[in-house]
Amino acid sequence: MLFGRKQKNPIKIADKKITSWTYATCGYCSTGCAIEIGKNENDEVVGTRGVGGADVNRGKLCVKGIFEHELFDAAGRGDTPLMREQTNQDFKKTSWDDALDHTASEIKRIQEKYGRDSFAIVSTGQIFTEEFYTLGKLTRGLIGTNNYDGNTTLCMASAVSGYKRSFGLDGPPGCYEDFSHTDCLMAWGSNLPEQHPIIYWRMKEAKEQRDFPLIVIDPRVTMLAQFADIHLAVNPGTDVVLQNALMHVIFDEGLEDKAYIKANTKGIKALREEVAKYDPTTAYKICGIDEDTIRNVARLYANAGTAMNIWTMGINQSTHGSDGVVGLNNLSLITGNIGKPGGTSLSITGQCNAMGTREWSSCSGLPGYRYLENADERQEIADFWGIEESFFPKKRGMAQTDIFPAIETGEIKGLWLVATNPMTSMANTPRIRKILDKLEFLVVQDAYVDMECVEYAHTFLPAAVWAEKEGVMTNTERRVNMIRKVTEPVGESKSDFDIFNELATRFNSEKKIVFPETPAGAFEEMRELSKGRLLDISGMSHELIEKSRGIQWPYTEEQLANGEAPPKGGKRLYTEPATFSFADGLAKLIPLPFIDNNERPDAAFPFWLNSGRLVEHFHTRTRTGKVGNNNKYSPIPFMEISPDAAKELGIEHQSYVRCVSRRGDAVVMAMLTHRVAKDAVFIPFHFFDCVNRLTLGLLDPHSRQPAFKQGAIRIEKIEDQEAAARMNKEMRTY
Ligand code: SF4
């Protein structure tokens, strides 16, 4: 007798008659899956497939990558430059020359009238590294504003800050292959199956082979927590307390790696003194994890041959996100788990090229992980670009999250947004609306003209998307990978690279700085500037990267000259004898007192508000909201609430409710589930005019990253469900 599927018709995949495949890298998340884009004999893009020989994804793609080819002719693309005097007027189509002339003259007018830093630039984690490098050269070398940042401040700034504080420079030290060697994995605020499905698949396959313990630390019973051996449902915002308590037990029971600490670190005394205050009994009262579990987990982690910590936004998006990263680095360092196969402290990055902007955009410094605060490094770049060193500021300017308040106070008058959507991504949407409305000049450069911020723009510059152009991106494990152009940009839109170069000519009349005309030319400059540095890419070229299906840095010109092939699998930073990026080569152990400054639930707003991602969507849905097969699985915003809390409030499954915070309100559909605690709710962050109407977004003092995951709301039942459904629909644009 036949059972189940055998009795059904097999799934048939339509033959799309693909005649050619072009190599690329997925343009959504930072996993960095290698992908091929297929065209049919009519030269139409009709499909995508994972690349079997690529180490990252080995032929697999998630639901976003599988339908990525549908981006090119999706609705809402901007196909011509637009301008208007006032935002209450209709846009008029214009030529590229007029749009760029006007943009340049407005930047100059504002800078002359109010000062060089009164014009700000906020970019993205989505464009290619050569484009980031060119934007940095234009901004730092010609425009000269110091208020220049990327939207990566919303996702990875705490990881960057934490790596710099512990190791001296940014740069995740581990790789995906570490899953295949580790004896214990702790995942902090990281829901891999939904956020990074292919990294999850790598981890799951490794666990099936070697069955290492998986410990998940998350207030919510995420998909990853459901698969964990141990789930620590920590109280929101208290991860530093748990980290200190784990270190307390490790020191108390003598489980630390004394030899590693002595040879590679400094600061052990102060760290010991601080964690001595966090005995498990005391810590339990703050972080909610009982003392026996804290002791068990500390022993499991410290006694494992090798152990790794991974984390995502649950750590980063917090008022002490940078401290949380340093805490994980501390845990790794005191147990000797850095630079070893299976022993690492690995941030799982958010956007596809958040790493590229960290490395080469000059947002928080100068290209190649150079610091504005370092005179030698300023001089080096000034000489390379052919400008005066004195043109550079001597320290970093505002982060994105400080730029918006500075518009509010009138310090900043003009803004250029590049492929970023603060109307949906920033906390406190009502405040961001008012802020954008105050600008004397807003230029938006984006692939989508229906992106929410365009409503406030004076000029719109239509940009090409993903494989309508060419360049590289760097993924979570430092792998530089190639995107080849498969089709022409839609309408009159141009690659970001060309837009930056053409705008640069408006600031470069004396031809002070030479801008390479092609992405390959910009890559050559980056190669040159990388020589001898932590992120050395001097052995790489576009051709070799494509041939190798991505190369992890460092890969030097000496390795290339010696005939050393780029490694296929894992590669690590700070292998022993470790030389960290401080002058003395030692990593810093940093004590982390817990400061409880989050907004907390109270009688008026009794629920913790948590936000996060869904597997079908990417960030603000500018792209996936228009791809049918992504959007149809998650078409509307919803809220996870526990059945017990819902019963007390008289709320039914799949009914609409109003969530209210001190900032605003949002209408969502209630989904009853035991994934959240009785005093907590979860709302996906992808939807416009939704969860970020509620969030406060207090800033981390080191990274300036907002706390999106710790806020307080109340929930109101809505009697008129039809009106609520209409309101829900009207508040979302698509
Ligand atoms: Fe793209 Fe990330 Fe999905 Fe891979 S896991 S296909 S990189 S969205």
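I began at Pro-554, which sits in the loop between β19 (551–552) and α23 (557–561). Helices (H or I, at least four residues) and strands (E, at least two) are DSSP runs numbered from the N terminus. The bond joining Trp-553 and Pro-554 is a cis peptide bond, with omega about 0°.

I noted the basis of the entries: this is a predicted model, in which local features need pLDDT of at least 70, side-chain atom pairs count only at pLDDT 80 or more, and totals for chains, interfaces and linings use all residues. Residues are numbered from 1 along each chain as its sequence is written, and side-chain values use heavy atoms, with hydrogens and water left out.

Backbone, continued. I found another cis peptide bond between Glu-576 and Pro-577, with omega about -5°. Pro-577 is in the loop between α23 and β20 (587–588). Ser-362 has a positive phi, near 70°, and is not glycine. I placed Ser-362 in the loop between α15 (354–360) and α16 (375–385). For reference, most residues other than glycine have a negative phi, and most peptide bonds are trans.

Domains. I looked up the assignment for the protein chain: domain 1 (13–73), domain 2 (82–155 + 353–561), domain 3 (157–347) and domain 4 (607–732). The bounds come from an automatic or database domain assignment. Taken over C-alpha atoms, the centres of domain 1 and domain 4 are 32 Å apart.

Interface of domain 1 and domain 4. I read eight residues of domain 1 in contact with ten of domain 4, contact meaning heavy atoms within 4.5 Å. The buried area is about 860 Å², and carbon and sulfur atoms give 64% of it; this is the accessible area (1.4 Å probe) that the two parts lose on being put together, summed over both. The side of domain 1 that touches domain 4 has five nonpolar, one polar and two charged residues. In this classing Ala, Val, Leu, Ile, Met, Phe, Trp, Tyr, Cys and Pro are nonpolar, Asp, Glu, Lys and Arg charged, and the others, Gly among them, polar.

Salt bridges. The rule asks for a side-chain nitrogen of Lys or Arg within 4 Å of a carboxyl oxygen of Asp or Glu. I searched the whole structure and got 58. One of them joins Arg-506 and Asp-101, with the closest N and O atoms 2.8 Å apart. Arg-506 is in the loop between α20 (496–505) and α21 (519–530), and Asp-101 is in helix α2 (residues 96–114), 405 residues apart.

Ligand. I listed its shell (a heavy atom within 4 Å), which includes Cys-26, Tyr-28, Cys-29, Lys-64 and Pro-197. The shell divides into eight nonpolar, three polar and one charged residue. α1 (63–66) and α6 (197–210) each supply at least two of its residues.
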